[in-house]
Each structure stands twice: as structure tokens, then as C-alpha cells.
Amino acid sequence: MSPSPSPSLARLTALVAEAAGMAAGARPQAIEQKSLHDFVTDMDRRLEDHLRGVLEPMFGVPVLGEESIAEDETLPARAVVVDPLDGTSNWIAGLPFAAVSVAYVENGKSLLGAVVAIGSGTVYAAEAGQGAWRDGQRLALAGTAPQSLMALSTGLLDVLDGSDGFRAVRRFGKLRNFGSQALQLCAVAQGALALNASIEARLWDDAAGRLIAAEAGAVYRAWVDPADAARPAAKQRCLAVHPAIADEAAAILTPFLRSSRS
């Protein structure tokens, strides 16, 4: 594994950090409701347009962003997948848990990924087979013990509510939900969360964070219907977990992640 990010990854993280800086300290000028408790702002669209403008020349491939991709659109062989503002509701409320997330993807696999926290400016990055970094420092879960904290998405909590599965998964620790899938995946990568599981996440939420978590040594799995595998808008139904508890956590949560077909 590389001791430091490659020039391509360093350039990508610089561009993502630049975009995150555009949102830091800014306030929304226009807010639209996309669905229940799901919003888009002028900043989401501004960041997506900006990233498309700088990333298309860099990679020479299409840039697929959350705010412009169609529900039935399929993933090309090579693309950049962008969540311009992951945690929009947090950003609207002035909470620090929001990020810009970008991944370069080939044949459905994330090869480069960068997530930058808007509130703190913390930079997470990874390259397939080369490792993961937080602010330039290597991330590695090998030999560490899992924290007694975990994150479950709102939708998964609805499914688990009152079940034996909920009581079983609680053995791993107290619940946290920061409202940013990308940052929660990065929290697993740095060992701050023992696990993160979601049934709502789409490819743009996971594409960078899943690579960062996996390259740090976490176990990442997604249960996507084969018919939807090439569709970025498909729900990923995913689990990222510390390797020490991966088998036990998967045994508890897999039935709920697999059965949540909607």
C-alpha cells in the first residue's frame, strides 16, 4: 500500500476540499422539498455544477450528481459520482455534520474517493488497493478494538423497531445518527463507530465512503437487487463494520437489509 495519496487522489481531494469550502459558513438562499424530510438547496446545485465543471476535464468521463441524475439512469463503465452536499438538512440547520463526497468509479467499483467535512474541513480519501487517509494520516483498523458506538439509518430503525434484531444489535453499543452517510462511513474507517448500516443510502451517498472504509480495513457489504446493480438511484442496503464484529453484526442485520425491498 502507498504511504501517501497518489497525485491523482491528491488532486481530487483538493478539488473536493475547495467545494466544501464554498459551503462552509454559507447559508441557503433557496430551499425546496424533494420528499418527506428531504431537501435540496441552491448550494447543493451550485456545488454540483462546480464539481462537474472541474471534474469532467480532469477525468474525461461523465459526472453523475445526486441533484441531476434520473431515477432510472444507469451507470456508465466509467464515471464520477458526486454527492454535492451530503447532510443537507444538517447544513440548513447549521449543524456541522455535512460533507462533499466524490468517487471515481469503473465498472461499478470505486477506485478513488474523497469526502470532506464542511464544518471542520477534515479530509478523508482512499484509493483502491493503496489505502485510506484522514488529513494525510493513514487509517488502519487492524489491531484496534471497536468502539461501543454505532449508527443506524432512520429507515433501518423503523424496520428494526420492536424486533429481536434491534435488541441483538444494541449489544454493539449506543446509537448515533449524524445525518450524513458519507461521514458515518468515514467514522467507521477511523474507528469512531463500530458499524454503520442503512437501507436508504444511494450510490452517491456510499461511493466514496465505502472505499474509504474498506481501505481502512472495515468490512463493507451492500445488498442491491441484481436488476438494480447498474442504477445509482437504487437503495444500497449497506453495512460497514469493524472487522472484529463483522460476522456477528452481519448475521443480525442481513435479514433486515435483504428484506427491505422498496
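The model is predicted, so local features need pLDDT of at least 70 and side-chain atom pairs count only at pLDDT 80 or more, while totals for chains, interfaces and linings use all residues. Residues are numbered from 1 along each chain as its sequence is written, and side-chain values use heavy atoms, with hydrogens and water left out.

The protein chain holds eight helices and 14 strands, taken as DSSP runs (H or I of at least four residues for helices, E of at least two for strands) and numbered from the N terminus. Its radius of gyration is 17 Å, close to the 18 Å that the globule rule gives for 262 residues, so the chain is as compact as a globular protein of that length. Here the radius is taken over C-alpha atoms, and the rule is 2.2 Å times the number of residues to the power 0.38. The C-alpha trace spans about 50 × 45 × 40 Å along its principal axes.

Of the 262 residues, 52% count as buried, that is, under 20% relative accessible area, where exposed is over 50% and partly exposed lies in between (1.4 Å probe, protein chains only).

A friendly place to look next is helix α6, residues 181-189, where nine of nine residues are buried. Among them are Gln181, Leu183, Cys186 and Ala189. Just after α6, Gly191 takes a positive phi of about 85 degrees.

A disulfide is a covalent bond between the sulfur atoms of two cysteines. With a cut-off of 2.5 Å between cysteine sulfur atoms, a search of the whole structure finds zero disulfides. For Cys186, the nearest cysteine sulfur is that of Cys238, 13 Å away, which is too far for a bond. Both residues are covered: Cys186 is buried at 0% relative accessibility, and Cys238 is buried with a relative accessible area of 1%.

Trp204 lies in helix α7, residues 203-216, and is buried with a relative accessible area of 9%. Trp204 and Gly65 are 139 residues apart in sequence, yet their C-alpha atoms are 7.3 Å apart in space. Leaving aside neighbours within four places in sequence, Trp204 is in contact with Glu66, Ile69, Val81, Val82, Asp83, Ser101, Pro232 and Ala233.

Definitions and conventions
Contact means heavy atoms within 4.5 Å.
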